[in-house]
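The following paragraphs lead through a single protein chain, from its overall make-up to selected local details. Please keep the sequence and the coordinates at hand while reading.

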Amino acid sequence: MTPSPFPVGSEAWREDLSDVILPLATYDTSSDESEGEARGGAQRCGDELADGDGAHSSAAAPEPWEATPPHRVLQLMRENEKHGHKRRGLHGKGRPPMSPEVAGVRRLDPAQAHEEFDDIVGGSDGKSTGEPVIVRGLVDGWRAKERWSSAEAFAEHYGDMPLKVHELVSVSGMGKGTELWLPARDYIEYAHTVDTDAPFYVFQKKFLPGHHAALFDDYSRPELFSEDLWDLTPELREGFSQNRFFCIGGERTGSALHVDPHFTGAWNALLCGEKRWVLFPPETPAEKIGVPTDLHDMLRTPAAYWWHDWYPRLTAPGGDAGRLGMREVVQRPGETIYVPAGWWHAVLNHGWTIAVTENQLSPPSLRRVWPQLKPDRRRARRLARALRRLRPDLFQVIASDDAEAEGDAASDGSEERGEGEDDDFRMW
């Protein structure tokens, strides 16, 4: 992390580094996460996160989700530079109106979606970019239809469940960050009362033994999306282990424009509230649709601002919405949206929402995404080996277009040892 140019402790420093905390002079060199947390977690937090007089117990360090009491977490959330301000007063403004000129998204029943699945995902010809669609009825039979149907129902069943709302990182960039967790009922109260421009959004991707298993029992992957090529072997899955997320948030939360990682498409099933989606085809120039090019702007700009700034610009008379292939839809409870690989998309939540989403590399999209995946040599070789052994039919799909696929599949993996890979998917 680049050090702040401002004097430590000054007002400018607090504005510039409100997302970080100062660590004490300890460095985490452990290779084991639990070892590092136990050895350095409490010391890294220091008095900044201490409750009361700052005294530290000689007992074992608390688990990360217990280290900071809820009232302190809420205080840190209110003081956060990105999420704690009301500079543009979005709380008092209405939702940006939808433009009737923007193309919509088709709604299908499961039978229709199954019949058109290859074209929806991306087409076996390798040329089609796929089509975002809404599929109705895929959540029928889920326990989540009752347990996630409202904030009250979720609190009744999961009020004590810890939800990760944020992570503070050290100024030095060394050591592990300090995770901020809230019990679900505290987050629900926060989401219903907060009046800032960019409330915190729970994008739960870390799951704790004994705390989150019930959420996975509440739903099942729809049969329509049953095949994920990253599931072929444990080795492939380990390379993209963060592929399931629970998205929980209130008004003005959402995600900024992004493309999903590792050449995956995604299905997203909504159980309560509404999600407003905007989507752009692959290869749409980022600068044409308002994706920040500056890292500071990317990290500090509230996701909701795009809808007030760029959406009116793109949809105004003479705007680029039509030329860029922009699409928009409001997803309702019980509906599942599918976003094909490579599509830009952003979300603005309307009211309290709970959804589950999974990223997947669907077999029909393989021919289209293989040329983009190949530069990631580690994953490409692993996938080629798995395909030749377990899905020879799909291996022939890529081998027919790529003369090097046989060589990739024949590699024994020795050349990959010691190579690192980044599996951290962040929603900025």
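Helices (H or I, at least four residues) and strands (E, at least two) are taken here as DSSP runs and numbered from the N terminus. The structure is a predicted model, in which local features need pLDDT of at least 70 and side-chain atom pairs count only at pLDDT 80 or more, while totals for chains, interfaces and linings use all residues. Residues are numbered from 1 along each chain as its sequence is written, and side-chain values use heavy atoms, with hydrogens and water left out.

The chain contains 16 helices and 12 strands. Of its 428 residues, 52% are buried; buried means under 20% relative accessible area, exposed means over 50%, and partly exposed lies in between (1.4 Å probe, protein chains only). Among contacts in the chain with a separation of 6 or more, 79% involve residues 24 or more positions apart, where contact means heavy atoms within 4.5 Å.

Helix α14 (residues 377-390) packs against helix α15 (residues 392-399) at an angle of about 130°, and their axes are 6 Å apart. The axes are lines fitted to C-alpha atoms, for helices over the stretch in contact, and angles run from 0 to 180 degrees between N-to-C directions. Helices α14 and α15 are therefore oblique to each other: angles under 35 degrees count as roughly parallel, over 145 as roughly antiparallel, 65 to 115 as roughly perpendicular, and the rest as oblique. On the α14 side, the contact is made by Ala384, Leu387, Arg388, Arg389 and Leu390, and on the α15 side by Pro392, Leu394, Phe395 and Ile398. Sorted by class, the contact of α14 with α15 has seven nonpolar, no polar and two charged residues. In this scheme Ala, Val, Leu, Ile, Met, Phe, Trp, Tyr, Cys and Pro count as nonpolar, Asp, Glu, Lys and Arg as charged, and the others, Gly among them, as polar.

Charged side chains form the next topic. A search of the whole structure finds 31 salt bridges, each being a side-chain nitrogen of Lys or Arg within 4 Å of a carboxyl oxygen of Asp or Glu. In one of these, the side chains of glutamate 81 and arginine 87 meet at 3.0 Å, N to O. Glutamate 81 is buried, with a relative accessible area of 15%, whereas arginine 87 is exposed at 52%.

Which residues are linked with Arg221 in a network of salt bridges? The network joins Arg221, Asp228, Asp231, Arg237 and Glu358. Within it, the side chains of arginine 221 and aspartate 231 meet at 3.3 Å, N to O. Both residues lie in the loop between α9 (213-217) and α10 (234-239), so this pair ties together parts that are 10 residues apart in sequence. Arginine 221 also forms a salt bridge with glutamate 358, with the closest N and O atoms 2.9 Å apart. Because glutamate 358 lies in strand β12 (residues 344-360) and arginine 221 in the loop between α9 and α10, the pair ties together parts that are 137 residues apart in sequence. Arginine 221 is partly exposed at 26% relative accessibility, aspartate 231 is partly exposed at 37%, and glutamate 358 is buried at 3%.

Backbone geometry and loop positions complete the account. Most residues other than glycine have a negative phi. Phenylalanine 263, however, has a positive phi of about 65° although it is not a glycine; this residue is found in the loop between β8 (254-258) and β9 (265-280). The loop between β8 and β9 also holds histidine 262, which is buried at 16% relative accessibility.

Alanine 198 is found in the loop between α8 (184-193) and β6 (202-204) and is buried, with a relative accessible area of 5%. Leaving aside neighbours within four places in sequence, alanine 198 is in contact with Lys82, His83 and Pro302. The C-alpha atoms of alanine 198 and alanine 303 are separated by 7.1 Å, although the two residues are 105 residues apart along the chain.
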